Amino acid sequence: MTTSFEFTNPLVNGIHARPAAEIEIRAKRYSCQITLKNKTKGTQADAKSVLSLVGADVVMGDDCLLVFDGADEQAAYEDIKSFVERDFASCDEPLEVIEADINQPLPVALVKAEPDLLRGTIVSRGIGRGRPVVCSNIDLYQLAKDVQLQSSSNVDSVLTKALFTLCQQLEQEIVEAESKNSPKEITILKAHLQIAGDSLFSESLAKFSTQGNPIHAIARASDALKAPLLKSQSNYMRERALDIDDLCARLAGIVLGKPLQQPIVLSESSVVIADNLTPSEFLALDKQLLKGVVLAEAGQTSHTVILARSFGVPVLTAVEGVNAFANSADTLVVDASYGCLIREPNEKVDQFYLLEQRKQAAKTSILTPFATSQGQSKDGKPMALFANIAMGIEAGSAFEQGAEGIGLFRTEMLFMDQEQAPGEDEQFEVYREVIEAAAGKSVIIRTLDIGGDKPLSYLQLPEEENPFLGYRAVRMYPQYQAMVETQLRALLKASRYGQVDIMIPMISCLEEVEWISQLCQQCQVQLQAEGVEIGQWRLGIMVEVPSARYLIEKVAGLIDFVSIGSNDLTQYFMACDRGNRQVSSLYDSFHPGFIAFLRDIARAAKNAGIELGICGEMASDKRALPLLLAMGFDEISLSAPSIVPLRAELAKVDFDECGKLLDEVCAQGTAEQVKACIEHFWQQQEKPEILSESLVIQCDANDKAGVIKQLTDNLEVQGRTEKADAVEQAIWDREAIFATSLGFGVAVPHCKSTAVSHNSISIAQLEKPIIWNEAEGETVSAVIMLTISSRDEEGTHMSIFSKLARKLMHRDFREALMNPAASSGETIALLEGVLYEQVA
């Protein structure tokens with residue numbers, strides 16, 4: 001007798017190593033046989049093997065059947081069915097996919113520079129320049145020809161020892177990656193360790209070891225393991241075959257006692273060209289000298305590409321004829337912004353990329369003041385921006401990226417992927433690392449948030465119909481009090497290195513706060529009795545359950561801060577499972593009722609004198625920023641890379657205006673109406689004047705193309721367009737109709753375009769005259785560029801153009817405009833005098 005249930009795979013990337021591991025962990029708890037059948041493809045897999053599950057080629061939308069057969073099949077059925085129905089859809093996340101068209105038009109300035117180039121597909125953005133380094137691939141079958149035959153038992157022994165060594169190497173590399181604070185590298189190495197330790201991997205090696213040649217056995221096993229992946233309809237699954245290649249090549253190297261090929265040694269800035277580049281080969285490259293990679297075969301989601309993105313290395317693929325193109329070159333430019341590979345760049349091409357570099361530096365420079373400043377509104381109302389982290393090694397990087405503190409340290413990662421809970425000393429070292437990195441800044445550490453939806457293999461947690469509303473977080477603490485005490489003791493011991501804010505998740509009633517407060521005090525007394533020095537620490541709670549709002553005043557004497565978990569609070573307030581597609585439309589933190597409820601919580605916290613913070617998706621959403629400021633939040637916690645840009649946005653808003661917006665949105669009836677109000681608010685905040693000193697540039701261009709590029713690049717720097725090249729194209733489209741030199745040494749290029757966010761008049765004060773109208777040989781000494789948004793319906797475009805054209809006929813105006821001693825302010829004042837009535 002068997003038990004089974006059907007489901008449709010909801011994962012965008014299919015069942016690859018990470019979600020397969022989630023199934024495997026649960027399946028291995030039971031003795032019964034558990035088989036996953038892919039009904040769409042006609043394949044099946046052992047649910048206790050990651051490799052077998054991956055090989056079943058389960059992509060998004062495939063219909064599947066899980067079959068349970070054995071003594072404990074009912075328990076296994078209930079456990080895994082609950083997981084698949086409630087949590088499986090959220091156990092993986094879509095990977096970044098760059099939308100890049102190989103046929104996208106190149107910027108006009110680059111085309112006019114006449115580069116020698118090939119087009120390619122962008123998979124990791126950026127621009128790099130270096131000497132070409134062409135790499136060859138490994139052929140295991142060819143290597144096997146030089147290996148002496150052995151007995152099958154000896155081959156099996158050699159392969160077993162080599163596989164053990166490979167796993168040891170991967171474990172050591174994970175430790176090293178953790179010390180370097182490289183989360184993507186850690187994730188990929190862990191996936192490789194999972195594959196290398198899978199029973200199907202070792203079984204495949206054993207199956208082919210009978211032929212007496214260990215390298216041949218590895219080659220055959222590699223082919224067998226890759227076969228189902230290469231047949232997949234999913235690009236993501238096909239790209240996992242490269243991981244098998246990588247591991248098998250490493251295994252063969254261990255067997256032979258030497259690398260299979262000489263390591264790629266970079267001695268100068270280089271662009272690496274290869275058919276394939278495995279993750280381990282990429283990690284071995286000197287990232288200081290690696291300026292770009294060109295691969296014949298690599299998709300958006302290959303692990304090598306994911307690593308390249310994390311290291312900021314530009315990557316192109318599908319560049320036809322790249323080997324012959326590169327062989328005769330001394331220098332290559334990998335342009336993974338516009339999708340081209342350029343050989344031997346000429347002077348004009350060099351100038352183009354110099355301007356690109358200048359543009360990026362200027363954009364970074366504008367945000368630089370916000371990297372070290374404190375979060376505050378335009379009128380000085382403070383709101384700190386803290387970082388979320390999941391591992392101790394992330395803390396240093398978070399502070400380097402501008403974090404004013406750690407607002408959420410999720411400690412679950414310490415407890416996962418282990419056979420038992422971490423000890424007091426192990427936890428203490430991690431907490432100490434974060435506190436020392438903070439150097440006096442605030443650190444909020446959330447205690448273990450685990451339960452039915454996030455199980456630990458070593459805890460016998462009960463099976464539940466609805467784990468999100470069940471036995472989790474603080475609710476399970478009394479049963480596992482010893483484990484909780486260990487964590488609290490480690491946190492309190494770490495407080496001697498700096499203040500620790502201990503945050504308790506999933507609080508819903510007064511008794512929970514009283515109990516945890518008493519337990520903290522008890523742990524402190526025990527430690528002090530042991531002679532352990534205790535520093536400053538504070539206790540806080542997460543507001544995720546709506547009932548917690550009505551506890552705030554009652555627990556004010558027991559806690560120092562509250563932090564709203566916006567994701568869970570939204571789903572509990574709206575009574576909808578955010579992972580359930582049938583009700584996902586209800587999950588919206590901008591529902592006016594939810595905004596009003598947040599305001600109520602904030603008022604209660606402020607009245608009680610309790611610090612107020614928020615984490616979750618809402619904290620990093622620019623739309624919510626003015627609302628949170630108006631409510632009086634002391635801090636918001638988000639991912640580190642988002643901190644500086646959001647701090648810059650905070651500096652644009654006025655506290656009183658934000659208060660008016662909050663009142664307005666709370667009076668709305670729907671989430672869409674709320675979002676419309678917020679969109680209008682931001683449009684008003686970001687509505688710059690058409691004339692500004694920031695739009696006056698000193699232009700060192702040598703030709704017309706350079707002038708237009710510098711002017712349009714500056715529009716992007718100043719936030720008046722998101723795509724300078726699109727505005728540049730619109731300007732040149734107009735120039736194709738007629739040259740915009742109006743005589744008297746002045747040109748007025750202009751356009752009306754959807755690429756323009758804000759109407760702008762830009763002025764280029766040229767260092768030297770340049771030819772504008774080649775047909776007439778006409779030169780100009782000043783350029784006024786008019787760029788109008790296509791949303792403008794007031795006739796601004798032609799009104800300004802015609803008035804400028806008339807005014808340029810006056811000598812005194814022209815002389816004042818082209819006066820090299822005139823300041824930017826004087827130039828703007830001159831134009832304002834002419835145009836004020838038109839643009840007011």
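Visitor: So which domains does the assignment give?
Guide: The assignment lists domain 1 (3-85), domain 2 (108-136 + 264-354), domain 3 (140-256), domain 4 (377-543 + 559-565 + 611-654) and domain 5 (693-836). Such bounds come from an automatic or database domain assignment. The model is predicted, so local features need pLDDT of at least 70 and side-chain atom pairs 80 or more, while totals for chains, interfaces and linings use all residues. Residues are numbered from 1 along each chain as its sequence is written, and side-chain values use heavy atoms, leaving out hydrogens and water.

Visitor: How many residues of domain 1 are in contact with domain 3?
Guide: 16 residues of domain 1 are in contact with 19 of domain 3, where contact means heavy atoms within 4.5 Å.

Visitor: And what area is buried there?
Guide: About 1300 Å², with carbon and sulfur atoms giving 67%. Buried area is the accessible area (1.4 Å probe) that two parts lose on being put together, summed over both. N13, L51 and D57 supply 37% of what domain 1 buries against domain 3, more than any other three residues.

Visitor: New topic: how many salt bridges are there between domain 1 and domain 3?
Guide: The count is 0; a salt bridge needs a side-chain nitrogen of Lys or Arg within 4 Å of a carboxyl oxygen of Asp or Glu.

Visitor: Which element gives the most to domain 1's side?
Guide: That is α2, with 5 residues. Helices here are DSSP runs (H or I, at least four residues), numbered from the N terminus.

Conventions. Helices (H or I, at least four residues) and strands (E, at least two) are DSSP runs, numbered from the N terminus.
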